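Good morning, and thank you for joining this presentation.

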Amino acid sequence: MDRTLMTPDYLDFDYSEDADGNGSFDAMASVAPQQLPAVHAEIAAVLAWAHDAFAGRRGATDDGCEWDFDLQSHQEFSVPETMRFEEATGMLTVQPGEPGAARHVVSLSIGGSPAFCDALRTQFEIA
């Protein structure tokens, strides 16, 4: 897998830091099915880099490890509705439409020691 410097297109990370300097990068992407492979590729690139660059050091920083991650995914479906106000009755009527395509929501939280966070920030050009 290519480990060259990259800037993710779908993963927009927010950064937070605790009092000990350990940091966490959190990103969420909500995409249509056709964009899902690109999101998966970005996540795979980040995790493959972390496993290579900090090999054997994954786990809780409280346990002396350098980094860890949490990955979640689910699908969301929506059905549009047409709402009308019936002036004669003073009531609303609702007519459901056809269900839309599923959206895939993927979240990645990755973080660790100050050294890990600095390296991740540099590798993936995260501000």
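Let me begin with a term: a residue is called buried under 20% relative accessible area, exposed over 50%, and partly exposed in between. Please keep in mind that what you see is a predicted model.

With that cut-off in hand, consider Glu 125. Its relative accessible area is 44%, and therefore Glu 125 is classed as partly exposed. Glu 125 belongs to the segment that follows α2, the helix of residues 114-123. Its backbone also deserves attention: the phi of Glu 125 is near 50°, a positive value although the residue is not glycine. Most residues other than glycine have a negative phi.

Strand β1 covers residues 14-17 and strand β2 covers residues 23-31, and the two pair in the antiparallel sense over four bridges. Within this pairing, Tyr 15 stands opposite Phe 25 of β2. Five residues lie between the strands of the hairpin, and Gly 21 there has a positive phi near 90°.

We move on to the loop that links α1, residues 36-53, to β3, residues 67-76; Gly 56 is located in this loop. Is Gly 56 buried or exposed? Its relative accessibility is 84%, so Gly 56 counts as exposed. Ten residues separate Gly 56 from Glu 66 in sequence, and their C-alpha atoms are 9.1 Å apart in space.

Next, the surface. Which residues form a nonpolar patch there? They are Met 83, Phe 85, Leu 92 and Val 94, which together have about 430 Å² of accessible area. Two strands contribute: β4, residues 81-86, and β5, residues 91-96, each supply at least two residues of the patch. With a relative accessible area of 43%, Val 94 is partly exposed.

Finally, I turn to strand β6, residues 103-112, where Ser 107 lies. Ser 107 has a relative accessible area of 18%, and because this value is under 20%, Ser 107 is buried. What does Ser 107 touch, leaving aside residues up to four places away in sequence? The contacts are Ala 27, Met 28, Asp 70, Leu 71 and Gln 72.

Thank you for your attention.

Notes:
Residues numbered from 1 in each chain as written. Predicted model: local features only at pLDDT ≥ 70, side-chain atom pairs only at ≥ 80, totals over all residues. Heavy atoms only, no water. Buried < 20%, exposed > 50% of the residue type's maximum accessible area, 1.4 Å probe, protein only. Pairing = 2+ DSSP bridges. Patch = residues over 30% accessible without salt bridge, like charges linked within 9 Å, V, L, I, M, F, W, Y side chains within 5 Å. Areas by Shrake-Rupley, 256 points an atom, 1.4 Å probe, with all protein chains shown as cover. Salt bridge = Lys/Arg side-chain N within 4 Å of Asp/Glu carboxyl O. Contact = heavy atoms within 4.5 Å.
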